[in-house]
Amino acid sequence: MSELLKDKTQRREKKIVKVPSEGGHGARGKDARTKDSVSTVSYMDDLVHPDDNARMVVTMENTYQLGPYRRFPVFAVTDILKDVLTSYLQEEKYEVEWSQKMTKTLSEVIRARVKDLMIPRYKVVVLVHIGQLTGQSMQISSRCLWDPSNDTFASYSLKNSSLFGVATVFAVYFE
């Protein structure tokens, strides 16, 4: 039986005829076979577009602006945090899966509302924590490089009968 298998594989190898690839690319190739076989062709498109070199390069010049024209409105952002947390969490009961999804939702809503204020040159980082009230305590801390004259933050916390929510927005000035 092993001789029969060897003969079959030798006959298959004789039937396969390879055609050299067109062009100079190794990724392009054709396999041509005898009568009853199917031929396959595969090509890989070039990743470089011919229009890339034709695009204009825009150079930005320095503004030499060392501070913001408009300060980050901490009180307006605190009002946004208060509004979002009370509207989403005031009447809710704590559930693990729900709180995981809700923290993502709240952070996206807060970020969108803060971005609507259109304060230029500030990077915004939003953190939201939701936890169950069971008589425990929790401390939240953060640490980063900070320019106290331009960088700031706003924070708000909310408690109801079964959960607490803490939202913090960091505004870092970008020169």
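## Aromatic pairs

Ring pairs join Phe72, Tyr122 and Tyr173 into a cluster. The model is predicted: local features require pLDDT of at least 70 and side-chain atom pairs pLDDT 80 or more, while totals for chains, interfaces and linings use all residues. Residues are numbered from 1 along each chain as its sequence is written, and side-chain values use heavy atoms, without hydrogens and water.

Across the whole structure, four aromatic pairs are found (rings of Phe, Tyr and Trp, the last by its six-membered ring, with centres within 6.5 Å; planes under 30 degrees apart are stacked, over 60 edge-to-face, the rest tilted). One of them is the tilted pair of Phe72 and Tyr122, with 5.4 Å centre to centre and 55° between the planes. Phe72 lies in the loop between β3 (40–42) and α2 (74–89) and Tyr122 in strand β4 (residues 122–132), so this pair ties together parts 50 residues apart in sequence. Helices (H or I, at least four residues) and strands (E, at least two) are DSSP runs numbered from the N terminus. Phe72 and Tyr122 are both buried (under 20% relative accessible area; exposed is over 50%, partly exposed in between; 1.4 Å probe, protein chains only).

Phe153 and Phe170 also form a tilted pair, at 6.3 Å centre to centre and 40° between the planes. Phe153 is partly exposed, at 44% relative accessible area, whereas Phe170 is buried, at 14%.

## Surroundings of Ser99

Ser99 belongs to helix α3 (residues 96–115) and is buried, with a relative accessible area of 6%. Apart from neighbours within four places in sequence, Ser99 contacts Tyr94 and Ile130 (heavy atoms within 4.5 Å).
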